[in-house]
Amino acid sequence: MRHFGDFLQYIQYIRQYSPHTVQSYKKDLEQFCVFCNYTHDQHESVIDHRQIRNWIIELMETGHSARSVNRKISALKTYFRYLMKEGIVTNNPVNKVLSPKSEKKLPAFVKENEMDHLLDDTGFEGGYTGLRNRTIIETFYNTGMRISELINLKVSDIDFSKETIKVLGKRNKERIIPFSRLFSDVLQQYSEARSTMAPEGEWFFVTAKGVKMYPRLVYRVVRNYLTLVTTSDKKSPHVLRHTFATHMLNHGADLNAIKELLGHANLSATEVYTHNTFEKLKSVYKQAHPRA
């Protein structure tokens, strides 16, 4: 397809999609081209909805999940939106294609008593590393930020006087997250220890060698500590993000407020957490109502 390279540059530099998303879209579109035997020189106008439907059938028959197929459809739809914006094509054939229905899975989260046990009763190792690891866990749970946001957190982003954290989210969108006095004490203690490890560094979370934290290490820290309190198969930083949102909802937080705290672009992305809350309500009802 002639304009494939221009599209990738557009979503990377103009729309500022994450590198992961750019690579996923690239892979999905290349896969579609292989299926249709398209070459680099062929014009996109030759593509119609029947070819896309056949591709979807092929994907489903070869074991791809509905969620995976929908992501590939989204990549193709975004590509044609770009082509229409540039005046290269006059219609989007993907609009005539029905997406397969995905089974809605509830976000995994850690129970409140499990988080209390982790933060109140579990002994973190001594020294700088233990203090940093505890602060990482607390930061995820107290703010709901993403792993990329935590890793890229700078010393200057923490405002202790206002008790706020400035977070740079997806597509460089800034948001401000407040934090409690109790969490402020944790951040202060870690900040003092961190200043001895990297006195001139700008990154807030650093290794014992004073360099910026990296994703694999953060994942390992979270997994190791969640293993101590939960038997859930999922033990990742994103699970703590889910935990933050679910516990906030369970305690009556407004859905729009949680949307802003999480940095979601649309409320629909936040509404998934209401399912967890409803499951809790059903459980309470069954336990408490005499006729349940």
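**Entry 1: helix 3 and its surroundings**

I looked up what helix 3 packs against, and found that its buried residues pack against helix 2 (19–36) and helix 4 (66–85). I take helices (H or I, at least four residues) and strands (E, at least two) as DSSP runs, numbered from the N terminus. Contact means heavy atoms within 4.5 Å. The model is predicted, so I recorded that local features need pLDDT of at least 70, that side-chain atom pairs count only at pLDDT 80 or more, and that totals for chains, interfaces and linings use all residues. Residues are numbered from 1 along each chain as its sequence is written, and side-chain values use heavy atoms, with hydrogens and water left out.

Which residues of helix 3 are buried? I list H49, I52, W55, I56 and L59. They cover an arc of only 115° around the axis, which puts them on the same side of helix 3. The arc is that of the directions from the helix axis to the C-beta atoms. Buried means under 20% relative accessible area, exposed over 50%, and partly exposed in between (1.4 Å probe, protein chains only).

I then checked the length of helix 3 (residues 49–61): at 1.5 Å a residue its 13 residues should span 18 Å, and the end C-alpha atoms are 18 Å apart, which agrees. The expected span is 1.5 Å times one less than the number of residues.

At the N-terminal end, D48 caps helix 3, with a side-chain oxygen 3.1 Å from the backbone nitrogen of R50. A polar contact is a pair of N or O atoms within 3.5 Å; within protein, one must be able to donate a hydrogen and the other to accept it, and residues adjacent in sequence count only if both atoms are side-chain atoms. After helix 3 comes G63, with a positive phi near 95°.

**Entry 2: helix 2**

For helix 2, I found V22, S24, Y25, D28, L29, F32, C33 and C36 to be buried. The elements that cover these buried residues include helix 1, helix 3 and helix 4. The 18 residues of helix 2 should span 26 Å at 1.5 Å a residue, and its end C-alpha atoms are 26 Å apart, which agrees. Just after helix 2, N37 has a positive phi of about 60°.

**Entry 3: N70 in helix 4**

I looked up N70, which lies in helix 4. What does N70 contact, leaving aside its neighbours within four places in sequence? The residues are S99, P100 and S102. The backbone oxygen of P100 is 2.9 Å from a polar atom of the N70 side chain. N70 and S102 are 32 residues apart along the chain, and their C-alpha atoms are separated by 8.3 Å.

**Entry 4: aromatic pairs**

How many aromatic pairs does a search of the whole structure find? I recorded 13. Rings of Phe, Tyr and Trp (its six-membered ring) pair if their centres lie within 6.5 Å; planes under 30 degrees apart count as stacked, over 60 as edge-to-face and the rest as tilted.

Y10 and Y82 form a tilted pair, 5.0 Å centre to centre with 35° between the planes. This pair links distant parts of the chain, with Y10 in helix 1 and Y82 in helix 4, 72 residues apart. Both Y10 and Y82 are buried.

The rings of Y190 and F204 have centres 5.1 Å apart and planes at 75°, so this pair is edge-to-face. It also links distant parts of the chain: Y190 is in helix 8 (residues 181–197) and F204 in the loop between helix 8 and helix 9 (215–226), 14 residues apart. Y190 and F204 are buried.

I noted one aromatic cluster formed by F7, Y10, Y79, F80 and Y82.

**Entry 5: helix 6**

Is helix 6 largely enclosed or open? Of its 17 residues, 13 are buried, so helix 6 is largely enclosed by the rest of the structure. Helix 6 (residues 127–143) should span 24 Å at 1.5 Å a residue, and its end C-alpha atoms are 24 Å apart, which agrees. G144 follows helix 6 and has a positive phi near 75°.

**Entry 6: the whole protein**

I counted 13 helices and 3 strands in the protein. The C-alpha trace spans about 65 × 65 × 30 Å along its principal axes. Of the 292 residues, 43% count as buried.
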